[in-house]
Amino acid sequence: MQPAYYENFEEIQKKLWFMLDDAVINRSSPFRIPVFICANQNEIDGRIVVLRKSDKSNNVLQFHTDLRSQKVDILRKNKNASLVFYDKEEKIQLRVKVICEINNKNSVTEEAWKKTQHISRRCYLTDDAPGSVSGKPTSGMISKLEDFDYTMEQSEKGYENFTVIKCNIKSIEWLYLAAKGHRRAIFDIENKKQNWLVP
Ligand SMILES: Cc1cc2nc3c(=O)[nH]c(=O)nc-3n(C[C@H](O)[C@H](O)[C@H](O)COP(=O)(O)O)c2cc1C
């Protein structure tokens, strides 16, 4: 039997937003770690990020990063990007085209920073920027950071680098692999249109 979302736009939307919402709270969800792709001219790159927020009503997805990271530089030059998700069990791929907003030291980061845990704050406390060349193998952290030997108060310094990338969705492309026949659909959020595509 085919699932309800096999040939139904509404059911597809329900399913994909359920999967995105679940990924934010469920560490074992494959949708939790999409590939984020951005580009500036010939500088095209993809990397894994952790999905931190999913907001269906505003068509927004969010992840966290360091203001000094290379992807932020790329986004400053070109805010168009893409997120790619795949769930092997569900056999569902999403390709999400987005327009990115870089948030640093504003109300968006304030809200997100409050929810970050002691353990994850050390990522934002390195002396050198992520991607800096090092003469030796390194975590980039002084030993106190490596040993989690810092107080919550000391970790507040990381807020300066803490950045929330707000991804405003332009379109979502759905692909469902099924033995009976794959199904592919495009949801054009900007123009409020949806269509089936040949897989
Ligand atoms: C499982 C996993 C989760 C990751 N999550 C994030 C993340 O949420 N934010 C982030 O900036 N980098 C994350 N990274 C590291 C990035 O993939 C990447 O190596 C780093 O951000 C540097 O990328 P850039 O030089 O393109 O900025 C993660 C890597 C892995 C393997």
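1. Starting with the cysteines: the sulfur of Cys38 sits 7.3 Å from the closest cysteine sulfur, which belongs to Cys100, and that is too far for a bond. Cys38 is also buried, at 1% relative accessible area (buried is under 20% relative accessible area, exposed is over 50%, partly exposed is in between, with a 1.4 Å probe and protein chains only).

2. Cys167 is in no disulfide either; its nearest cysteine sulfur, again that of Cys100, is 4.1 Å away. Cys167 comes out at 0% relative accessibility, so it counts as buried. The disulfide count is zero, taking a disulfide as a pair of cysteine sulfur atoms within 2.5 Å.

3. A word on what you're looking at: this is a predicted model, where local features need pLDDT of at least 70 and side-chain atom pairs count only at pLDDT 80 or more, while totals for chains, interfaces and linings use all residues. Residues are numbered from 1 along each chain as its sequence is written, and side-chain values use heavy atoms, with hydrogens and water left out.

4. On to charges. Searching the whole structure turns up 10 salt bridges (a side-chain nitrogen of Lys or Arg within 4 Å of a carboxyl oxygen of Asp or Glu). One of them pairs Glu7 with Arg183, with the closest N and O atoms 2.7 Å apart. That pair links distant parts of the chain, 176 residues apart: Glu7 is in the segment before α1 (9–25), and Arg183 is in strand β8 (residues 183–188). For the labels, helices (H or I, at least four residues) and strands (E, at least two) are DSSP runs numbered from the N terminus. Glu7 counts as exposed at 52% relative accessibility, and Arg183 as partly exposed at 23%.

5. Next, Glu90 and Lys15 form a salt bridge, at 2.9 Å from N to O. Glu90 is in the loop between β5 (80–87) and β6 (92–104) and Lys15 is in helix α1, so this contact ties together parts 75 residues apart in sequence. Glu90 is partly exposed, with 27% relative accessible area, whereas Lys15 is buried at 17%.

6. Then there's Arg95 with Glu173, a salt bridge at 3.4 Å, N to O. Arg95 belongs to strand β6 and Glu173 to strand β7 (residues 162–176), so the pair connects parts 78 residues apart in sequence. Arg95 is partly exposed at 39% relative accessibility, while Glu173 is buried at 9%. Shared partners join Arg95, Glu173 and Arg184 into one salt-bridge network.
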